[in-house]
Structure formats: structure tokens, C-alpha cells
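Reader: I would like to learn how to read the features of this model. Please show it first.

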Amino acid sequence: MSDNDSPLSLNDPVSVDNQTGSGPVLEGIVAHLGPVKFAPGLDWIGIRLTGSSAGRGKNDGSVKGARYFDAGGGGSSADDKNGMFARRANVRRRRLSKLEELRLRRELGENKTRSRSSSSAGGGAVAAAAGGGGRRSSGAATAPPARTMASKTPPKNTDAAAGGGSSKLE
């Protein structure tokens with residue numbers, strides 16, 4: 001089993017391969033694992049973009065009115081594009097140096113503080129998503145429960161991943 005096939009956990013640092021291969025690789029942490037309402041399949045991964053990738057996402061952790069995670073934008077605006085969804089084949093686990101790990105901890109801590117001080121739409125999203133952590137996609141009675149980021153615990157240092165694939169990104 002390669003690192004790209006090994007299971008991911010919430011808060012794991014990851015990179016997302018660009019489906020066209022021409023754009024930048026985006027980096028973030030795993031914020032949701034499992035089925036979603038906007039597309040079939042059980043291998044969807046919600047990613048909260050971090051560092052230089054922040055603001056380059058497709059959503060704020062919600063798609064078509066369904067909230068899956070808090071992308072940590074700090075505001076209550078839908079313009080906070082710090083989240084995205086990708087299929088497992090497009091997501092690789094990242095290995096962080098100690099310096100990168102410290103920077104990520106600091107960034108996540110700052111966003112947590114901003115979210116708490118913003119309106120209830122910004123700070124309550126994590127609690128709302130955590131309450132729905134056991135939701136299943138409709139019509140898939142055997143689907144494993146979705147896992148959603150309930151805390152913003154900094155990620156652990158993990159092994160580098162290899163591989164990739166081409167699937168639609170949300």
C-alpha cells in the first residue's frame with residue numbers, strides 16, 4: 001500500500017494535484033472525509049486551504065447550501081474561498097518540516113481566534129458541522145459516516161505521498 005492509498009485523518013496536512021497539471025498545487029489540511037450531497041462517491045475529501053493556498057479555493061466549506069466544514073476564513077462572507085473538495089486520487093499527504101509545522105500551528109491558531117470573534121456564522125460553523133458528523137449520503141445505506149473537523153488541532157508530521165489521478169475538484 002502506497003502513502004497515497006493509506007487512510008487520511010482529519011487535520012492531516014495534504015496537497016491537491018491540479019487536474020489539468022498546469023496550475024499550482026494547493027496545500028491545506030483535511031477537514032472532511034466521506035460522502036457529500038453534491039456528487040456520488042464515498043471518497044470525497046474536504047480541504048481547508050492554508051498558507052499561500054488560502055483564498056484560492058472553490059468554497060467556504062459548504063456546497064449548494066450544505067455545510068461540511070469551516071474553512072477558517074474568519075468572516076461570515078461566502079467570499080472566503082479557503083475550502084475545496086477533491087477525490088482521494090487527487091490528494092497526497094504532505095510531510096512537514098518542523099518550521100512548516102510551527103507555521104501551520106500558528107496560522108490555524110490565528111484563524112481560530114478570528115472565527116470566535118466574528119459573527120455567529122463564522123464561529124458556529126465548526127460546531128454545526130461537528131454535530132452532523134454522522135451524516136450519510138442519501139441512498140447509500142452502507143456508506144461509512146462522514147467525518148468532519150470538530151477541532152482545529154494542528155496536524156502531525158506525516159510521510160510524503162506519491163501518485164495522483166484525475167478527477168473533478170469542487
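Reader: Which residues form one aromatic cluster?

Author: This is a predicted model, in which local features need pLDDT of at least 70, side-chain atom pairs count only at pLDDT 80 or more, and totals for chains, interfaces and linings use all residues. Residues are numbered from 1 along each chain as its sequence is written, and side-chain values use heavy atoms, with hydrogens and water left out. Rings of Phe, Tyr and Trp (its six-membered ring) pair if their centres lie within 6.5 Å; planes under 30 degrees apart count as stacked, over 60 as edge-to-face and the rest as tilted. Here the cluster is made of Phe38, Trp44, Tyr68, Phe69 and Phe85.

Reader: How many aromatic pairs does this rule give?

Author: The count is five. In one of them, phenylalanine 38 and tryptophan 44, the ring centres are 5.3 Å apart and the planes are at 65°, so the pair is edge-to-face. Phenylalanine 38 also forms an edge-to-face pair with tyrosine 68, at 6.0 Å centre to centre and 85° between the planes.

Reader: Is tyrosine 68 buried or exposed?

Author: Buried means under 20% relative accessible area, exposed over 50%, and partly exposed in between (1.4 Å probe, protein chains only). Tyrosine 68 has 1%, so it is buried. Tryptophan 44 is buried at 3%, and phenylalanine 38 is buried at 15%.

Reader: What does aspartate 43 make a polar contact with?

Author: A polar contact is a pair of N or O atoms within 3.5 Å; within protein, one must be able to donate a hydrogen and the other to accept it, and residues adjacent in sequence count only if both atoms are side-chain atoms. The side chain of aspartate 43 has such a contact with the side chain of arginine 87, at 2.6 Å. Aspartate 43 is partly exposed, at 30%.
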